[in-house]
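Visitor: Could you walk me through a few spots in this structure? I'd like to take them one at a time.

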Amino acid sequence: MTQLLITHGRLFTLGENNRYIPDGAVAVEDGKIAEIGTASKLVSKYPKAKRIDARDKLILPGFICAHHHFYSALARGMSVPGKPPRNFLEILKKLWWKLDAALDAKTVYYSSLVSAVDCLKHGVTTVIDHHESQNFQLGSLDEIARAVHETGLRANLCLGVSDRYGRSKEGIKENARFLQKLNSSHIPHPASLVSASVGLHASFTVKDSTVEDCVALARRYQAGVHTHCAEDISDQRDAMKKHRKTVVERLYKLGALGRKSILVHCVHTKDKELDIIRATGTSVVHNPESNMNNAVGASDILNMMRKGIRVGLGTDGMSSEMTAQARTAYLLQRHVHCDPRVAFAESANMLIQNNSRIVSALFNQRIGVLEPGAAADIITVDYNPPTPISAANFIGHLMFGLPYAKVNTVMVNGKVRLKNGKCVGLDENEILSKSREQAQRLWSMIR
């Protein structure tokens, strides 16, 4: 039995009932949390355990990103050919659809690898990724899974199926192949670091028959559907024009909603759609920086949460820094509502409670909280605060201190993946050097 102790840190359990232990410790056995308590108690109880000293650091559960696009990593610094896009649809056509059409095995692998490394360095231990590479679909999820495996990250993967380039059957085939591969693995599902959903791009790029085929596949493997939803008003207009239904009404009729399904953005959803989302137990994932960057508007997350919808937090590929996303979400809601009293606790809860609930359902185990039996996904953060810290004011430190703090140690499933801020077993400089080569090659193919 492998035992490890993280000791002498300011420990916060997070989750629904956040506890604070000033001189705290967490005991890890075989990939799970065995016990939390004071350092003196656990050092005495586990005298032979290997120790990690977290003095002057926070001990926290690893952060979770509920919606990412690893494939976007190689776009950083790339110039968009032609005139700048004027709206959301032009952003897709002039940038993202050109980029994902040029992706191949090497660029998918390196974009995933550098994204996974970036996640670890920002204390993110679990990611729900949504991939697209229209001319490299079959085998694409294996390249992402390879990068995830090499870094030790926990990830839920899917390929976003779309009819916009006439190869949706191939996309469905890739999701099916990957789900079957995971299903036939000899590794017990709760012990696996990779799970899968069935991806759809968005309502405005898929036919009814495509959605129905994806829903049938998801049901076959008891998986969820992961899709963008009403990110821009154009998605709603397309649904009303073609189907005489709103986006959520259409997805509901076609069976795409449910406890393991994720609707990303929901910027332009109507109140009646929110009632459907709540009734079906579907999760929504808010991506504030992306919405601001694309100038599509701001999701009414406060109304969603009042209705009882589980709203998580993602980056949409903008970054891998989740505390910054929580801060942005909180500031955006105050700006939109012109009310300095709103969104403080709600924005934090998306990150530290709802993301945990979302991924725990996808992996069939407790993730994102320090409690006995939960996955041993743990981080230590170099944060020696200038003011008192407690369970009562943790959110204030989360919003105004942690976005600037350095992550020191990252453990995923009981294994140390980041030590003293460096990835264990990986040559980060070599990875970045090769990534730059692949990015240059990718850019040369985009016209």
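Guide: Happy to. A residue counts as buried under 20% relative accessible area, exposed over 50%, and partly exposed in between, with a 1.4 Å probe and protein chains only. This is a predicted model, where local features need pLDDT of at least 70, side-chain atom pairs count only at pLDDT 80 or more, and totals for chains, interfaces and linings use all residues. Residues are numbered from 1 along each chain as its sequence is written, and side-chain values use heavy atoms, leaving out hydrogens and water.

Visitor: Is Q134 buried or exposed?

Guide: Q134 sits in the loop between β7 (124-129) and α4 (140-151); helices (H or I, at least four residues) and strands (E, at least two) are DSSP runs, numbered from the N terminus. Its relative accessible area is 10%, so Q134 is buried.

Visitor: Which side chain makes a polar contact with the side chain of Q134?

Guide: A polar contact is a pair of N or O atoms within 3.5 Å; within protein, one must be able to donate a hydrogen and the other to accept it, and residues adjacent in sequence count only if both atoms are side-chain atoms. The backbone oxygen of W97 lies 3.2 Å from a polar atom of the Q134 side chain. The side-chain partner, at 2.7 Å, is D100.

Visitor: What separates the C-alpha atoms of T125 and R154?

Guide: T125 lies in strand β7, and T125 is buried, with a relative accessible area of 0%. T125 and R154 are 29 residues apart along the chain, yet their C-alpha atoms are separated by 6.0 Å.
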